[in-house]
Each structure stands twice: as C-alpha cells, then as structure tokens.
Amino acid sequence: MSVMQSGTQMVKLKNGSKGLVRLFYLDEHRSCIRWRPSRKSEKAKITIDSLYKVTEGRQSDIFHRHAEGNFDPSCCFTIYHGNHMESLDLVTSNSEEARTWVTGLRYLMAGISDEDSLWMKQTFEEADKNGDGLLNIEEIYQLLHKLNVNLPRRKVKQMFQEADTDDQQGTLTFEEFTVFYKMMSLRRDLYLLLMCFSEKKDHLTAEELGNFLHVEQKMSNVTPEYCLDIINKFEVSEENKQNGVLGIEGFTNYMRSPVCDVFNPQHNDVNQDMDQPLCNYFIASSHNTYLTGDQLLSHSKTDMYAWVLQAGCRCVEVDCWDGPDGEPMVQHGYTLTSKITFKSVIETINKYAFVNNEFPVILSIENHCNIQQQKKIAQHLKEIFGDKLDVGEALNKDPKQLPSPNSLKGKILIKGKRLPPYLSADAEEGEVSDDDSADEIEDDFKLKNSMHQVESHIRKKLDSLMKESQIGDKEDTDSFSIRALLRATHEGIQRNLRKQRLLQGHASNPSFLAPSFSGSPYNVLSFSETRAQHLVHHRSERFLNFNQRQLSRIYPSAYRIDSSNFNPQTYWNMGCQLVALNYQTDGRMMQLNRAKFMVNGGSGYVLKPGPMCKGSFNPLNDDPLPANPKKQLVIKIISGQQLPKPPDSMLGDRGEIIDPFVEVEIIGLPVDCCKEQTRVVDDNGFNPVWEETLSFTLHMPEVALVRFLVWDHDPIGRDFVGQRTVSFSSLMPGYRHVYLEGMTEASIFVHITVHDIYGKVSLYLHRQLYLISLIKIHSTGGHFLGAGTGGHVQGAGTEGPETPSGLDKGTKDEGGLDGTSGTTERGERAVRSPVQTPSLLDPPPSFGTNTTPYSAHPQPACRGQSSSPHSHRLLLSPSWWALKPALAPGLMAWALLRGRSSTQSLGIALARRSWQELALHHQWARP
C-alpha cells in the first residue's frame, strides 16, 4: 500500500494513441486512484468502490489493438470500473510494479486496507501450495523456513493445535492462521516495554501512555484526548477501548505504525527556510538525464526526464548535437547511445517540471551545435517554456546575490555557455561547450603520447558491457565495432583538445577560488569528479568559500561508462550545490542522495548548515568547528522483525535461515565517518534480539547521514540483506522501528537518544564510558572492544579469535576510481563482537563516543588481523589520573545499581582501594 500511495510512473493506453506517461497513486484515505498531470484535475480519479475487476496481462481490446511485441505482458494490467465497465489500461516499467498494483487493488476491493492484513493474506495464499484455502502442518513448516523462523517442531505443533479450533482438524483456515501467527510473533521486547510503563500490568492507561510518549518518545503537549485517540485507533479489543486502555496487541500496532517510524513525519513536507540565495542550498541534480543505462550503448528516452523530475530532481542535463533537417538532437556524443529530438525533451520537461514540486528547475545544457541549430534551440526554449523563462523580477531584487527558491517558483533556469563576444551575429560556427568526457581523459592519459592506454581501458569496459547489452535495435548497427567506437571517441576528444588547453590554466591554477575573486554570482562552474577531488584535497577551504558565493556543479568521471556513481558526500562536505549523479543506476550512492533530499519534503532543495553559508572552516580537520557543541548519537539496537534471506541468495527461500547482525554507519565530514556493528544472532531472521548500544560523536550533524544495514553472516563473509538511510536531522528520538527500504514488514527496533557535548565535558564522558565498560567486562568476562560498543571504531576492524575469517561474497561497490570515494557494502569482513550490553529494562546510556580515550600498545588490528584485548598494556595519561577522585563515587553507585555481585565487588574496589592497587589488579602501568 505504501508503494501505491507514493505513486508509480505508468503508461496509460488510449484508442489510437501511443500512450500517455502519468503518475498513478492511491490517495491517503485509500479510497480512490488518482493520476497526474491531467486536465481534469480533481476529477482525475477512480474510486475503489467503483472497481469491477482487475485483470493481468494484455487481455483488453485496447491492448489487442497494439502490436504484440510492444509491451511485456507481465507489465500490463487493466482496471474495469463504473456502470459501463470502462477500462483503464496501464503498463508499468517492470513486472514487480504491476504485481504490486494488481494485488493491492484486489485486496482493497475485498475490504482489506491495512498493511499487516494485506501481508498476512498474501503470505497465506503463497503458503497454500495446493490452493484449497487451508494450511496443513507441512505447509506451515515450509512457511516458517521461508520466514527465517527457527522454532522446535514440538513448539510449532503445540501452537498449531491451539489455533486449530474448528471441526476440520489438522488444517488452518485464514482466520486460524492469523491466530497462529499472532501467537508465534508475540513481541517480548514490546511486552517488557509496556510493563515498564504500566506498573507491571498487561495494558497502559491513557495517563501511562501519555507518560511514555513524553518521557521516551520526547513528545510535547501530549493531551489525554490525544492518548484516547491512539487507543481508539490501534486497540483491537472492544473491551479495552471501552475501558480506555491499550493492550499488548494495540501497543504493538501503534509501535509498528508510521507514527513510530525512525523518520520524522514532518519532514515529508517542506520545512526549511526557502528565502535564502540559491548558493545556500544543496540541489538534487542528474547527470546525462536522458540515458536509461550505461554511457556507451543504452537508449535515450524522454521518459527519464519525467521520472527524475517527479522524483524531486531539480537540475537535469541536456546534451545538444546537430541533427538532421536543422533539428538539434539529444544524445551522448561519440557513442552508440540512441538519439531523441531536443524539442521532445523540452516538451517533456515543460510537462513534468512542476507536477508535484513548484521550486525552480535548472537545465544544464551541453551545447555542441552549430550557430543555426543553436538558434533553433533558443526558438524551442522560448516557444515551449514561455513565461517560465522570465526571471527578471527575481533578479532585480538584489543583483549582487542569487535569488531564492521561493522567488523562482515555477521558473526554469538555463545553465550554459555564451558564444564568444568576437563572433558576428551571422557567424556560421561557434561551439560553446566542453565535452564532459574529454577533460579527464586528456589530463590522465596525455592522449597524444598514450592513446593505447585509453584504448585498453575502454576496451575492457566495452567487453563487459557487450556481454550484458543487446545492440540489435540500436541505430546504424552495421557500423558498430570497438575500433570504430574508439576512433569516434578519439576524434571527439581531439576536437575538444584546443578548448581544453584554453581552460586548463583556468582550472589547474584556481585563482577563481580566491576570496578576492569578484566573479558574478550568476556564473556556475562545472568540475569533473577528478578535478573536484583535487580541489577537495588541496584547496578545501577556498573551495568551500567559493561555494558560499556561487554555484558549482560536479559530474561523474568520463571513465564511469557503466554509469556508476561517486560518493556525493565528499562534495556536499565542500558546500557544492549541484552534485550530479546517474539516477538510472540505483545503489548505495543513490540511496544516500535520496536520504539527503528527503529532509525537506523531497523538494530537491536542502538548506546548507550555517557554517557552510557564512564564515570559514576546514571540513577535513579533526576538529573543524571547535567553538560549536558536538552531538552524541546513542543508538540501542534492540531486535529485528521478519528479516528476509539475502536477495542474491542462490537457493532463494529454500536457503538456510540467516544469521543476522546490524551495522550502523555514519556518513558525513571525514572526522565523523565511522561504522559499528552488533554481534551475530545465529539461525533467526524472524525475531532476532541484540540489545546492544552503539555510540557516535558528530562534529557537524547537519550534513551527516545515518545508514542502518542488515547482514547475513556466514563462514566465508557476509551477504547483504537490506538497508535504510536517514539523515541525522530526520531521526526521531525514543523507541522507533527502522523499516528496510523496499520491504513491507522487515524492520529493526531501536532506541535513539541525542545529547550535546560541550568542550572538555567530552573528555570526561570518554573516560567515564571507559571505566564503566571495565565494570561490564569484569561482570561478563567479556573483552574490551570499542568502549562497550558492538563493533569496530572509526572503521578499524577488530576481530576476536572466535570470528571465522574469509573474503566476502557479493558485488562491487560504487566507490571512487581511486578507491576512496565510498565504503563497500559487500566487500568487507564481518566482525563478531562478544561484548554484551545491559538488557532492555536497563536505560540506554547517555554517554559514549566513537573514539577511545586511551593509548593502547600494540596498535589496534587492521582489517583481517586478530587482536587480543587482554594482551594490551594500557598507558593512561596524567589527566586521566587527575579525574579519578571525581569518578569513583559515581561509578560505585552505578555498579551497586546493577545488582550483580561481581560488578558490586569491582565497584567497591573503585571506591575503597587506592588507584595504584586497582592498576595492579588490572595489570596497568601508570606513565
């Protein structure tokens, strides 16, 4: 249902037409289907009550009028509605989308509208192998294996018999299966949480619920009426509703609802100041928007513009080349990608630019046309866009700075180069753009002397692409050969060498970054990934200062011919506004991009942090903003729910039950980037419990992204299960569910707290956490790893002796060409941490950090090396010893509260013994 509500791009077929691309979506009340754009506006809808039936495939008359090979039958379906059985014939981009809509609409017609019931019905039908509407015990065993449930057969049989209450013994109806499933999936963690706030009762009163919302969920202005509304909405028992209490089923329903999602629901709408200059915003940007796949062989389609614009992208690229009959074409030059007309691209942009987003759209035009076709380009822009190009009023307000997104609502901005001033008005030639692909190849390979290196590099890429691509339907297929393509590429590069040399001095000696540079704020500079990387490492402060005045655009390297993406965070850290990615390639980098722009309602504009808009700092420093308070993020990973098998598992649902662990990664300023992980839970993907606390310190949380990953551990590595990436600014405090992206039921249950850290208080917290971790080690007999956290610190892997080593299985990551632009998801070793943290009933600690407050010798092990923490001899600094009198009473109190004899004895030792004795007890050496 959530997929249907967010909307799906589909082709709507009509009589005698090629079809119209529209965004179809289910309204918030799940009462009707709507689509846009439409001339009918509010009348463009079909109510669920009016639906007669939904059929799959090419069954309607309209489908039969189109050639059989035009559409994949698995992507087609028809909705019959109204008194006259009118048909709505739709084509999706893939079969999974079609199945989602067909299944969802059929359940809505049957009166099943909530997500859990929909999933339950679908699960029951898939488990019913013989289609008799009943499940026997063998079908239940198979279903539990598919759901990653590892329960003793005796226990399963007992629950099966308790749920089987009708006369037909030995089988479960759907209603009985629902009872069986609820018995099996009773959430112990939520039950204990309810008991904590209900004085050990099995329900919450409205007052107790309000206390929970205020204390744990950090909600303000919680009224009794609001609590009663929650009870009425989520409670299942009518008796509980009448008594005004929330039982365990109702509490579970509430905690699993969108209200308790980890993402702040207020961020689904625009919530930031939109009246600042454009240079103060990150802007969602696309590279070579027209391409559907790789950079050499794929199709060019206008549909890509419709898709990215409706996905929130606000800067699209248009590569213009001379076309037949005086009409400019859009294509990737010197390649075998197909061509589309410039006019059709502009018409598509005009239609979809402001369908669900009023903020301005930037056209990044790469112009390779002659003068005559450039005039044609200008004519099409003026005729099609009309008043959308008129930005005079916004520019007149303050010519010394860029206008704001609010002042440019509904406007289209053109980014391109002007013709040289020396050209006459009737000149025949005058190309104005660089070729994105030429600058890096010239710099890196010195084409005149090392062309064979270019050929070798491109040949390798082509060989892999040829295996995956079918070029039979490409234009002019007879001319295709690797040598012909290389020759065309070489000609294009040589054609651009003269321009590149003129520009080389401008970029390699970046005087334009100097504070004294007085360029117009309306000038936009474009940098390839390689050149931008050089500026990041050698001119970071100046680069950031430049981005406070003007816009910069970063585009992918020419060698990413497979349309992979670089890590955008590298350039967001420098304040670069237009970081262009290949939207057609989903993966880690596009997941980061989506998370970044979800912060402000998916509007495509996100306000930069204050220090990036004004002032000076170095994002690469270890303490970039020493005067500003830091944030401490403490995440307690409690449990998981219905985690599936890895998507690339060879045996699919028949594979082994997974051994999951959770990894949390921080992506932000370099000093903040790190990852930590929990221990592995063996043979349980249905309801694994970790109860481990991970802690991170953030210097600039406004730019940080928090990435939750679930992995399946095995002896030779780990397999990717799922992920969810959320901006730090969008995290909700308290007990929250983190639903994995693209999965209906799979989630992890967490508790989140955030604290400010001021100056030297941070040092105190570091050392307090260290002593407390020693108490925990003493009480559990565990090892010291990462200050009581469940994993490695600052990306340094530590592997205990019980961890099997080996290489991971999986695919490559979309990192940078030099291996530094990203963190791999399937190329790193799993780390099992034996450290145990307090149970669910203990309050999550409000202290901790992602760095350790001591110097250990030998140095921590790098990835692939094992390290025994007990063999380390700790050298504590003099400032640490100066703090001991203030820490001892608090540590003793904490130890006594834990209530364990071994912990108490160490707590008393801290209070009574001299610190020299305690040092000898732990074989420490004071410097």
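Biologist: Quick one to start: is C674 buried or exposed?
Modeller: C674 is buried, at a relative accessible area of 5%. Buried means under 20%, exposed over 50% and partly exposed in between, with a 1.4 Å probe on protein chains only. This is a predicted model, where local features need pLDDT of at least 70, side-chain atom pairs need 80 or more, and totals for chains, interfaces and linings use all residues. Residues are numbered from 1 along each chain as its sequence is written, and side-chain values use heavy atoms, without hydrogens or water.

Biologist: New topic. Which residues touch the most other members of the largest nonpolar core?
Modeller: I349 and L363, in a core of 63 residues. A nonpolar core is a set of buried Ala, Val, Leu, Ile, Met, Phe, Trp, Tyr and Cys joined through side-chain atoms within 4.5 Å.

Biologist: What is I349 in contact with?
Modeller: Setting aside neighbours within four places in sequence, I349 is in contact (heavy atoms within 4.5 Å) with Y305, L309, V316, V318, L363, F385 and I412. Another core of 30 residues lies apart from that one, and I637, L643, F728 and A746 are among its members.

Biologist: Now the sheet: what's the order of its seven strands?
Modeller: It's an open sheet running 4-3-2-1-7-6-5, with antiparallel pairing. Strands are DSSP E runs of at least two residues, helices H or I runs of at least four, numbered from the N terminus; strands pair if DSSP finds at least two bridges between them. At the edges sit strand 4 (45-47) and strand 5 (51-56), each pairing on one side only.

Biologist: How many bridges do strand 1 and strand 7 have?
Modeller: Three, linking residues 8-13 with residues 86-91 in the antiparallel sense. K12 has L90 in strand 7 as its bridge partner.

Biologist: Last one: where is E692?
Modeller: E692 is in strand 25, residues 689-698, and is buried at 0% relative accessible area.
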